[in-house]
Amino acid sequence: MSIRERLSGNEAAAIAMKQINPDVVAAFPITPSTEIPQYFSTFVSNGTVDTEFVAVESEHSAMSACIGAESAGGRAMTATSANGLSLMWEMIYIASSLRLPIVMSLVNRAVSGPLNIHCDHSDAMGVRDSGWIQLFSENNQEAYDNLIMAHQIAENKDVLLPLMVCQDGFITSHSIENIELIEDDKVKEFVGKYEPEHYLLNHEEPIAVGPLDLQAYLFEHKKQQADAMVAAKKVILEVSERFEKMTGRKYGFFEEYKLDDAEIAIVCMNSTAGTAKATCDKLREQGIKAGVLKVRVFRPFPAEEIAKALSKLKAVAVLDKADSLNAAGGALFEDVTSGMFVNNIHVPTVNYVYGIGGRDTTVTDIEKVYKDLEEIVKTGDIKNPYRYLGVRGDN
Amino acid sequence: MAYNLKEIMEERPSRLTSGHRMCAGCGAPPVARMILRAVKPEDHVVVANATGCMEVSTFIYPYTAWTDSFIHTAFECAGATLSGVEAAYKSMKATGKLDKDKVTKFIAFGGDGGTYDIGIQSLSGAMERGHDMLYVCYDNGAYMNTGIQRSSATPKFADTTTTPAGTKVPGKMQSRKDLAKIMVGHHLPYVAQTAAFLNFKDLYEKAEKAIYTEGATFLNVLAPCPRGWGYNTEDLMLINKLAIETCYWPLYEVENGIYKITYKPAKKLPIEEFLKPQKRFKHMFKPGNEWMIEEFQKEVDSRWQELLDLEEITNKNK
């Protein structure tokens, strides 16, 4: 029987890590993910895990130590947010290029500056091209479930890529919600043993990791990374299916909420999906055919699948909790629209940058987006495709 | 067993093989080879390397000159990278995932750029946390890999590409950072400064002690650079000798806080002897620049005296 609990998102992540019992955790505190290594340290101090906890002096060192530990042949995990991830940036690329299935819990927060400790997705978006798998989580349950699935995806021999599980800073990381935990032994069996083919600590076969890789080889190595990201799509679905068999909880690339007969829909990620679903329900009562597409797997990006799921709509709004500052729209918007274009699907689509620096996004805000979409359907005129939602001084 | 170079060379083949692409006359490869010879033949090593000359010329895909396991990640984090490897070793040993009878030692190599400067935070963290590892700085006194830019290890007045000896500014105007003392400030069980000198005895013995002392240990090793320093490649060992005989590069060790100078020149040579054969100090010998040599000498003298004092003080209450 699964265990019913009440946990915050950070607690849920820490408990997932405890059940995974990695060989090494290296982390440095940063709001709002600080609690994860804190809770985990308690497990270390009380001997409930076998993990070596490396209390590094920076996030750059956290990722460096994770790379060292994973190359050594162990499972390595970390947690961070915002500027912590920014400081890791150099090592983030190195981790993926070395094909190390490190798993990170990323509690999304606005990247400085100015300094702000609250949620947006600028941290995750900053590493979207780094070769990490990125899974997004609407609530504590999903943050937990995604972490439990992480190693089986990342360590698959066709994948071998690092993976980050994202959840919204404070909004879910610090909110206590009901959660269903899986029994320890079941998690242990699901996650399995890590048996790398080559590793530094193998006396029988010394290896060299991290070469100078020049014109004759780097291109091919990057292509291999790209192929692994493509291969990850299939593996993510397979692992999610096995997870569903164990828990009854179904996961795909994205969740379609009342999309079947919808005429207008919102595409978003993480906790905002909850607000969007609530708004959707409200509008449905008024006879408005609203729907939601919640992206779970942002990297690899399921471009074709999303485009097809949106193909029957009359208008779509893509919500980005981070701007690309490119004068054209946020990253999710660009990916969704480019997916639609390539797959010859032409639905009027607009972008809303929202919730920056932890600005509340309420049902009223989301309602406005749906109303705007109705207007677009009525007039057939998009006007400005690149919009801001809930910002002051915007005409 | 008394140190015998011939026996060591015969019994312990080099763990850094020939075929690497370091320059002729470079001080780093003989240092790395001798340090690795101090590892017991039955023990495995994981070498970590900061980005730098040594890394880019020993591991160019698909070739490696390292016979042990080797990891390079980036410039500033050899300390942190190796601490992760060591942590995994500890954990995997404890859980029986690794053979309990086999020993792995952990040795990081970084140049002065990767150690004194960009990597000092990562180094300091790894040392403070007490990982069971040796960090070796091969100090060639500038960023040689990128083309001889000044570092905090560059001696005062040296001509580098970012402190060119010009008509207004005669080379680097700041003194050298004392990294070994910074490491002593971490209260490590073993810190030493050494160089390839007199049949490598000092280097070998310190390496052996550092590798087999439990906890975090540090070696600062002089590694002259023929391109950056401007000496003839065949003079490498002579340059080392002059650095030591002038007390520019004193050989000493600090074991649990107690200083021991391991070589005291019978007759301390004037600093000109060390400066003269190097092009980077050429401008100091121009008429009118005598003050630079005087000032350089003064700094060498005061640092040497400080070391003598530290030896005396720390041995007093032993």
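Two residues are in contact if their C-beta atoms, placed from the backbone, lie within 7 Å. By that rule, and leaving aside neighbours within four places in sequence, Asp335(A) is in contact with Phe301(A) and Ala303(A).

This is a predicted model, where local features need pLDDT of at least 70, side-chain atom pairs count only at pLDDT 80 or more, and totals for chains, interfaces and linings use all residues. Residues are numbered from 1 along each chain as its sequence is written, while chains are lettered from A and ligands numbered from 1 in the order in which they are written.

**One residue in chain A**

Asp335(A) sits in helix H11 (residues 331-342) of chain A. Helices (H or I, at least four residues) and strands (E, at least two) are DSSP runs, numbered from the N terminus. Is Asp335(A) buried or exposed? Asp335(A) counts as buried because 21 C-beta neighbours lie inside 10 Å. The cut-offs are these: buried means 20 or more other C-beta atoms within 10 Å, exposed means 12 or fewer, and partly exposed is in between, with C-beta atoms placed from the backbone. Met17(A) is 318 residues from Asp335(A) in sequence, and 31 Å away in space, C-alpha to C-alpha.

**Two domains in chain A**

Chain A is assigned domain 1 (3-247) and domain 2 (254-389). Such bounds come from an automatic or database domain assignment. Taken over C-alpha atoms, the domain centres are 28 Å apart. In chain A, 29 residues of domain 1 are in contact with 20 residues of domain 2. On the domain 1 side, H8(A) gives the most, with 5 residues.

**Chain A meets chain B**

The contact between the chains takes 39 residues from chain A and 38 residues from chain B. Which element supplies the largest share of the chain B side? The answer is H4(B), with 13 residues.

Strands also meet here. Strand E9 (residues 208-209) of chain A and E4(B) run parallel, joined by 2 bridges. Two strands pair if DSSP finds at least two bridges between them. Ala208(A) stands opposite Phe70(B) in E4(B).

**Two sides by class**
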